[in-house]
Amino acid sequence: MKLVPFFLNFLFLLYQPSKCGSTTNSSTQIISPMLILPLKTQEIPSSSFPKAPNKLPFTHNVTLTVSLTVGTPPQNVTMVLDTGSELSWLHSNSTRIQQAVFDPTRSTSYRPISCSEPTCKTRTQDFSIPASCDSKNYCHAVLTYADSSSSEGNLAMDVFTIGGSNFTGTIFGSMDSGFSSNTDEDEKTTGLMGMNRGSLSFVSQMGFKKFSYCISSLDFSGVLLLGENNFTWILPLNYTPLVEISLPLPYFDRVAYTVKLEGIKVKGKLLPIPESVFVPDHTGAGQTMVDSGTQFTFLLGPAYSILRNEFLNQTMKSLRVFEDQDFVFQGAMDLCYRVPINQTWLPALPSVSLVFRGAEITVWGERLLYRVPGEIRGKDEIHCFTFGNSELLAVEAYIIGHHHQQNVWVEYDLEKSRIGFAQVRCDIASQRFGLFH
């Protein structure tokens with residue numbers, strides 16, 4: 001329920017014992033255990049996509065999930081892992097036929113939160129829509145996302161158990177209504193796990209000072225690590241500082257993982273994009289966010305146009321441009337190509353590098369083009385450039401999606417307020433942690 005979330009299916013959990021115990025209060029800082037979780041990518045079948053003459057709907061075609069238990073006795077749940085959201089939530093509407101739900105009436109440790117409690121009054125300040133009171137005086141939340149999906153319900157607390165470690169008093173949303181832009185994805189998940197820097201996010205409540213992930217390609221498993229790590233073979237990481245502002249601005253998400261994008265390169269050459277294009281304006285619009293809950297990367301119009309034109313110019317001789325100018329994949333990706341169905345390889349493509357202050361992510365090869373599921377023209381498949389125009393989605397921000405974080409070790413260092421990147425073979429990293437699939 002995000003901007004095109006990515007599907008990583010957690011096969012099992014491996015708990016690394018530590019001296020940490022459970023926390024009895026969600027606001028209490030704890031000494032974090034180290035949790036190592038294997039990841040595997042999966043796609044929703046192409047038959048799940050509604051057919052449209054030209055434009056494909058802006059919807060989820062991949063999701064990222066984590067498996068855990070909630071409640072007493074424990075109920076198995078599957079949650080979309082999302083670094084771009086704060087409040088974790090679970091579907092709790094028992095009328096969802098053949099869909100995963102959490103049943104609060106079956107949990108003796110479940111407790112709804114009233115709107116008079118400090119949690120409702122002060123810790124919901126970063127919600128886009130202010131929390132309110134329902135008819136029973138419970139704290140009511142309405143969450144909306146960029147793909148027009150939404151979720152609505154009450155704040156509550158219960159026991160969350162990951163890898164044998166219990167986290168009592170975890171605050172989440174017990175949601176009984178909402179709208180999903182993809183019912184196929186919705187059937188597979190029980191809710192969403194928020195991982196941004198807000199006080200009610202999962203990582204904040206658990207007291208983790210650091211977490212990392214390494215996302216592999218569709219054929220291999222990656223890894224998610226919650227907590228501190230001392231694995232020197234991962235280093236060196238190149239760090240970029242998180243951007244923070246003191247005053248609230250209407251279009252600036254203060255609890256997102258915001259970094260400073262300084263430029264874009266194609267084939268190692270810095271594009272002539274004015275520095276001002278990457279600077280948020282007086283309203284806060286134009287920030288750059290690193291978001292595992294978004295699949296592709298979206299750029300504001302001026303930067304996107306320059307990148308699109310340069311990539312098009314460098315590929316015109318090696319690829320056949322899709323002639324339908326009205327075709328826009330995911331509502332924002334309008335540079336597409338025709339590739340013969342029987343062609344098993346793509347020609348050499350110019351690399352694209354995102355340059356941050358102190359760090360850089362380089363995208364090359366097949367990650368630059370994405371085969372659109374179910375779209376065939378004659379004997380050709382349609383492949384689209386994996387960078388999109390965020391302004392076509394009415395999103396006033398740069399969003400760095402997980403597709404361009406594949407085979408990169410990404411470390412979120414909350415204590416030092418920075419993000420680290422390092423090129424890593426994620427399938428090999430998974431094996432180094434003893435995770436075999």
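Visitor: How many helices and strands are there in the chain?

Guide: There are five helices and 29 strands in the chain. Please note that this is a predicted model.

Visitor: What share of the residues count as buried?

Guide: Of the 437 residues, 57% count as buried. As for contacts between residues at least 6 apart in sequence, 73% of these join residues at least 24 apart.

Visitor: Let us turn to the sheets. In what order do S20, S21, S24 and S25 stand in their sheet?

Guide: The order is S20-S21-S25-S24, in an open sheet with antiparallel pairing. Strand S20 (320-321) and strand S24 (369-377) each have a single partner strand, so one side of each is left without a neighbour in the sheet.

Visitor: How many bridges join S20 to S21?

Guide: Two bridges join S20 to strand S21, which covers residues 336-340, and these strands run antiparallel. Arg320 has Arg338 as its bridge partner in S21.

Visitor: Which helix lies across that sheet?

Guide: Helix H4, residues 301-315, lies across S20, S21, S24 and S25. The helix runs at about 30° to S21. H4 also lies across strand S16 (261-266) and S22, and runs at about 15° to S16.

Visitor: What is the strand order in the sheet that holds S16 and S22?

Guide: That open sheet of four strands has the order S17-S16-S22-S23, and the pairing is antiparallel. Its edge strands are strand S17 (269-270) and S23, each of which pairs on one side only. Strand S22 (residues 352-356) pairs with S23 over five bridges, and Leu354 stands opposite Ile361 in S23.

Visitor: Now for charges. How many salt bridges does the structure hold?

Guide: The structure holds 13 salt bridges. One of them joins the side chains of Arg320 and Asp380, at 3.4 Å from N to O. Arg320 lies in strand S20 and Asp380 in strand S25, so the pair ties together parts that are 60 residues apart in sequence.

Visitor: Are those two buried or exposed?

Guide: Arg320 is partly exposed, with a relative accessible area of 48%. Asp380 counts as buried because its relative accessibility is 10%, under the 20% cut-off.

Visitor: Which other residue forms a salt bridge with Asp380?

Guide: Arg338 does, with the closest N and O atoms 2.8 Å apart. This pair links Asp380 in strand S25 to Arg338 in strand S21, 42 residues apart. Arg338 counts as buried, at 12% relative accessibility. Salt bridges that share partners join Arg320, Glu323, Arg338 and Asp380 into one network.

Visitor: And Glu381, what is the nearest side chain of opposite charge there?

Guide: For Glu381, that side chain is Arg371, 4.4 Å away. Glu381 is buried yet has no salt bridge.

Visitor: What does the side chain of Glu381 make a polar contact with?

Guide: The partner is the side chain of His383, at 3.5 Å. Glu381 lies in strand S25, residues 380-385. Leaving aside residues up to four places away in sequence, Glu381 touches several others, including Tyr337, Arg338, Arg371 and Glu375.

Visitor: Which residue meets Glu375 in a salt bridge?

Guide: Arg377 does, at 2.9 Å from N to O. Glu375 is buried, with a relative accessible area of 6%.

Visitor: Changing topic, where does Thr297 lie?

Guide: Thr297 lies in strand S19, residues 297-299. It counts as buried, at 0% relative accessibility.

Visitor: Which side chain makes a polar contact with the side chain of Thr297?

Guide: The side chain of His404 does, at 2.7 Å.

Visitor: Lastly, is Glu366 buried or exposed?

Guide: Glu366 counts as exposed, at 60% relative accessibility. This residue is found in the loop between strand S23 (359-363) and S24. Glu366 and Leu346 are 20 residues apart in sequence, and their C-alpha atoms are 7.2 Å apart in space.

Note on methods
Residues are numbered from 1 along each chain as its sequence is written. This is a predicted model: local features need pLDDT of at least 70, side-chain atom pairs count only at pLDDT 80 or more; totals for chains, interfaces and linings use all residues. Side-chain values use heavy atoms; hydrogens and water are left out. Buried means under 20% relative accessible area, exposed over 50%, partly exposed in between (1.4 Å probe, protein chains only). Lys and Arg count as positive and Asp and Glu as negative; His and the chain ends are not counted. A salt bridge is a side-chain nitrogen of Lys or Arg within 4 Å of a carboxyl oxygen of Asp or Glu. A polar contact is a pair of N or O atoms within 3.5 Å; within protein, one must be able to donate a hydrogen and the other to accept it, and residues adjacent in sequence count only if both atoms are side-chain atoms. Contact means heavy atoms within 4.5 Å. Two strands pair if DSSP finds at least two bridges between them. Axes are lines fitted to C-alpha atoms, for helices over the stretch in contact, and angles run from 0 to 180 degrees between N-to-C directions.
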